[in-house]
Each structure stands twice: as C-alpha cells, then as structure tokens.
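User: Please go through the structure shown here in a series of questions and answers.

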Amino acid sequence: MVKLHEQILRDAHQSMLATRMRTEDMLPIADKLDQVGYFSLEVWGGATFDVCIRYLNEDPWERLKKLKKAIPNTPLQMLERAMNIVAYWNFPDDVVKKFIYFAKKNGCDYFRIFDALNDLRNMEVPMKAVKENGGHVQACLSYTISPVHTVEYFVEKFEELVKMGADSLCIKDMAGMISPQRAYDIIRGCKDAGIKLEIDLHSHCTSGMTGMAYQRAVEAGVDILDTDISPISGGTAAPATESVVAALQGTEWDTGYDLKLLIEIRKYFLKVWDKYRHLHRFNALKVDPSVTLHQIPGGMLSNLIFQLEEQGAHDKYQEILVETARVREELGYPPLVTPTSQVVGVQAVMNVLHGRYKVITKETKDYCRGMYGTPPAPIKPEIMKKILGPKWKDEVIDCRPSDLLEPLWDKRKKELQEIDGGSLIKKEEDIMTYILYPQVGLKFLKGEAKAEFTSDQLPLPIDHPLTRAMVKQSFPEHKQIWLETEPPEKRLGPVQIPTEFEVEVDGEPYEVKVVPTGGFAVSPGAGETVAAKPKDVEGAVKTNMQGTILGVKVKKGDKVKKGDVIATIEAMKMEQEIKSERDGEVKDIFVKEGDTVSSGDIIMQIL
Ligand code: MN
C-alpha cells in the first residue's frame, strides 16, 4: 500500500498561484480533507509564512491554529528550511528551537526538514528540537544531478539521517527533474541498504517525466508520494492526487482512498482555482523538458529572464544558461534551490555582464567561506583565489555556520518590547514573526500591512492591473483586447507604442513603466510612483544595476577614499557594495534607504 502526502494547501498554490491561497479558502474543505486518510497534509512553512504577512495581512500562526482545529485526525506537516527556518538566511540555535516549539504547540505534527546543500550539520538542531517537542521528523535531501550526487551519495546521507533520529525520509525533487530510473535506483538503494523508515518522494511535473518516475518509485518500494488535488496540479506543481489514486487502484500499491470523496474535494478547489484566475499563467501549466538538459529549475529560469530584462540584457539568455551551469560546477555543484539558486544565478549574470568574477556578490563570497554549509564538492583553489583573494584559506570556516551566531531571541524580544510600549506583542509568537522578518514582520505587527486586495474584490474587475497583466500575457499580439482592460478614460485613444510592461518574478507580477526621464520605475502590483533621479553631475557615482538602496554608509561632508564602501544595494535579491572610485568629499546624496534605482542612476556626488 502506498500513502499520499497532500500538498494542496501548501506547495500546490505555491507552485501555481504565487502562494496566495487564503485561510478562508482552506477551512470550508478541511473536514473533507481530514476524511481521506492521508499520510499527512502539508499546510505550513515554505513560502506561506512570508506571503501571509507580506501580501495577505494574515497571521500565519492563526492559520496553523485554525487548520489544526478543523483537521483533528490527519497529521499536519510543515516545510522547514533547516537553519533558515521559513526565511532565507541562517538563524542562531535559540531561535530555531523556539520556532519548532511554537510550530508544534500551534498544531504542526510533522516537520519536513531540508538543507539546500544537504549539509547534515545544519539539520541537527531542528531535528533534535522536533524530537524534544514530540513531533515527527521527516528528514529530507534536496535532489539534484551532478557527478557527486550519485545513488550512493543519497543512500549514505539517508543512512546518516536515520542515525540522527529521523522518523521518515524524503527525496525533495524541487525542480521536477528526477528520471524514472533515478527514482527507482535511489529508493531501491535505500531499501537494499536496510533502511526501514518510510520513504517519501516529492516532485513536480515540470519535466513531463514525473508520472513515470512515480510509477518506478512505487515499483522500487516507495512508501509515500506527494500529490496535489487536480485543479492545482501538473505543470510546475505535483501530479494530481486523484490520478495517482486511480492509477494504483486494484494493484498491490492501492492507496485505499475514496475516489468519490476526492472528486468532491476537486469540485471545491475548482472554485478556488477560478477565484485566483488573475494568477493563472499558461507557462506554469506546460511541461518544460529542457530542464533535463540544462538542469536549471523552472522557477529559477523565469527569475533569470526577469533579472536579465531588468538589467537590459535579455539577449544574453543563452550565454547565461551556459554560464550558470559553469558557475554551479565551479562552486561544487550545489542543488539549485533557495537560497543557493540565487547565489549561482546572480553570479552567472554578473560574470556575463561584467566579465568572469570581476563583480562578486557578498552572497557568493559567503558561500565560498562556508557560511551556507559545506559545498557538495570542493571548490578549486584557483576559483577560491578569484573570489576570496590570495589569503582565501584564512577566510573559510570549518564549523557549522550557526556556531558563529550569537543568541538572538532575548535581544529581539527587548527591541520589540521597546516599540510602542510593548503593545505589539500580543503573544510570544509575534516576537518570532519579528525575528524572521524584521521589516515586513514589524509592519504586520503594527497593523500597517494591507492585503493586496480583499476577497470581496475577487474575481478581480476587468480593469484591475493584475487582470490586465493576465490578458496581455495571453494575447500579446492583440493590443486592441488590452484596451478592454484599461480604465474607461484610457480606452478611447488610439493604440500607442506601449510604455507599460508586465513582468513576473516568483509568480509576482510587476508593472514596469517607461518614464519620461529615461529611467525605469518598477513597482509591485498596482504600482507606486518612483521619484525621478537627478541629471548628470560632476563627480557622479552611478549604479550599474537596477535595485533597491539597502544602506547609505556616508553623510554629506564626509571625506572618502577610493575603494571605500559608500552604499549598499540589493540587486537581484543579492546585496552588493557600491565603492567610491575616487578620493574626495561627499557633496550631495540623491538616494535614501529603500529607494528604487535603475542602472546608470546617480546616487551621490563626490568631488
Ligand atoms: Mn515542491
């Protein structure tokens, strides 16, 4: 008998609806989902925490509590990014332990824990914490293809995870590129090695091979498969639950689930799918077998395309693909999953735009220092030298990255207590929200977060910017139809050369407007306006990337030397330093923290 792990309330909408499913869409069907008899239901973690507070004005802790109450019989599972928890950087042990405690307390039973580099040291603390709180550890390995990621590699790592106290195991094929034979070999390899724990296969339909891979996994003895109820399955999501149940009916692997009940659940989710029609993307529904060749996950590709357009270099796409594979090899074949996909992708873009390793991001340096963990294969000395300089050996850490971090809970708690007389802390979990997402979390706790729109507005009206984005994408050559989606006052005029473009990153539509100053103003969703930047001045310091100013390191009147860091910019989700190119005095500063800048913008005058 094979069991299923249902992803409809987490990965399905993360893969196909930009993680936007709301708690109110989940609760009415909770009772029926609870009756299926799933191995577990994944409902929390991954990107859902971030999206709840950033875009939905929903408290993720409340969601978990409500779901637990509505689903008393099926174990609830979350996806936990080891020391990154549900964010993108390392946290100290005290925060990880507290988080697991709160997650268990509020209703999470099973914890799927993975590390981007499969560095098991990063998994120790969360695994131990789950055990101490009485939870189930599903220890997970990120799947990728490389000369070091052999069948033996996976079997040996799984054996170690068994010793570390795992309760079940999972192969996480986040890019959907596992072939039927690989799935068979790894699972058979584990069983032949005497691993008794149940093994779960998590995959996506991206490559088009996943149905076949699931069949071979079943033949090899897989115990659990990850699926999504059908209206939100296939394409970049997982295979459909009902299809897998039907396929295995009458075989020795029969799930025993009630297909009629599943079809009732499907009917419910058809309405949910329709409600979010503004987020439907045709490309996400298609298979993309090219992943089998270049091995770059789909989500990362769309990100790369967006980043190239942002930097005005979309003609470099093919070059970037080749460079990405090369950088990944040089950096020791990391699996391309958050956050390593960004490290490799952005460095590849830099290499193509500015010359190989001429511009190096802070994240690439940190990665080479071992700040994410140990890379799967050693990085060659000549590459280390290029990235960290001649004394690279002194910079590399050999301890577990979080060993270098000071405890954070008490410090952050005190900080939060001092804001508005401590009134923001309604429950201890609020401190955790603030620690995980200091800016976005604080805004949320202050009650300043706004849902991007309320459910009353759904389906969105025809002239909503998000509807327009969908129409433009679906009918790129029929500009007349676009006009239908314009507000009434705009519909009358003749079709003009478009000055607005919609691009998408991580499923989030962005409106890009060409503004008269010649720069680009990029604003999320419905669009805020961005101030025009100054004209050219003598001693101008210009940006070479589109991005957001993270920090201004100098004041007007400061004396600076050539090479001093004068500002930091976040471009392509990576932090980069802007250095002064001359000795002089800061005469004027044209940007502040949080400003959006485009390539070539003047941020400062130094004379
Ligand atoms: Mn996934």
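User: What kind of model is this, and which pLDDT do local features need?
Analyst: Residues are numbered from 1 along each chain as its sequence is written, and side-chain values use heavy atoms, with hydrogens and water left out. This is a predicted model in which totals for chains, interfaces and linings use all residues, side-chain atom pairs count only at pLDDT 80 or more, and local features need pLDDT of at least 70.

User: Which protein residues are donors of the manganese ion?
Analyst: Donors are N, O and S atoms within 2.8 Å of the metal (3.2 Å for Na, K and Ca); water is not among the atoms, so sites may look incomplete. The spacing of the donor residues in sequence is D-x190-H-x1-H. Lying 2.2 Å from the manganese ion, the protein donors are Asp11 (OD), His202 (NE2) and His204 (NE2).

User: How many residues apart are Asp11 and His202, and are they buried or exposed?
Analyst: Helices (H or I, at least four residues) and strands (E, at least two) are DSSP runs, numbered from the N terminus. Asp11 belongs to helix 1 (residues 11-16) and His202 to strand 7 (residues 198-202), a pair that links distant parts of the chain, 191 residues apart. Buried means under 20% relative accessible area, exposed over 50%, and partly exposed in between (1.4 Å probe, protein chains only). By this criterion, both Asp11 and His202 are buried.

User: Which residues are linked with Asp11 in a network of salt bridges?
Analyst: A salt bridge is a side-chain nitrogen of Lys or Arg within 4 Å of a carboxyl oxygen of Asp or Glu. The structure holds 37 salt bridges. In one network of them, Asp11 is linked with Arg10, Glu42, Arg112, Asp200 and Asp226.

User: Why are Lys65 and Glu62 separated by about one helical turn, and how far apart are their closest N and O atoms?
Analyst: The two residues are separated by about one helical turn because they stand three residues apart in helix 4 (residues 60-70). Lys65 is partly exposed at 39% relative accessibility, and Glu62 is partly exposed at 29%. Their salt bridge has its closest N and O atoms 3.7 Å apart.

User: Is Asp119, the salt-bridge partner of Arg121, buried or exposed?
Analyst: The closest N and O atoms of Arg121 and Asp119 are 2.7 Å apart. Arg121 has a relative accessible area of 23% and is partly exposed. Asp119, with a relative accessible area of 7%, is buried.

User: What is the angle between the ring planes of Trp89 and Phe91?
Analyst: Rings of Phe, Tyr and Trp (its six-membered ring) pair if their centres lie within 6.5 Å; planes under 30 degrees apart count as stacked, over 60 as edge-to-face and the rest as tilted. The structure holds 19 aromatic pairs. With centres 6.1 Å apart, the rings of Trp89 and Phe91 form a tilted pair because their planes stand at 45°.

User: How are the rings of Tyr153 and Phe154 arranged?
Analyst: Both Tyr153 and Phe154 are buried. Their ring centres are 5.1 Å apart and their planes stand at 85°, so the pair is edge-to-face.

User: Which ring does the charged end of Arg216 sit over?
Analyst: A charge sits over a ring if NZ of Lys or CZ of Arg is within 6 Å of the ring centre and within 35 degrees of the ring normal. The charged end of Lys172 meets this criterion over Phe114, 4.7 Å from the ring centre. For Arg216, at 4.1 Å from the centre, the ring is that of Tyr184.

User: Which residues does the cis peptide bond with omega of about 5° join?
Analyst: Most residues other than glycine have a negative phi, and most peptide bonds are trans. Pro339 is found in the loop between helix 15 (317-330) and helix 16 (340-354). The cis peptide bond joins Thr338 and Pro339.

User: Where does Tyr333 lie, and what is its phi?
Analyst: Tyr333 lies in the loop between helix 15 and helix 16. Tyr333 is buried, with a relative accessible area of 17%. Its phi is positive, in a residue other than glycine, and is near 55°.
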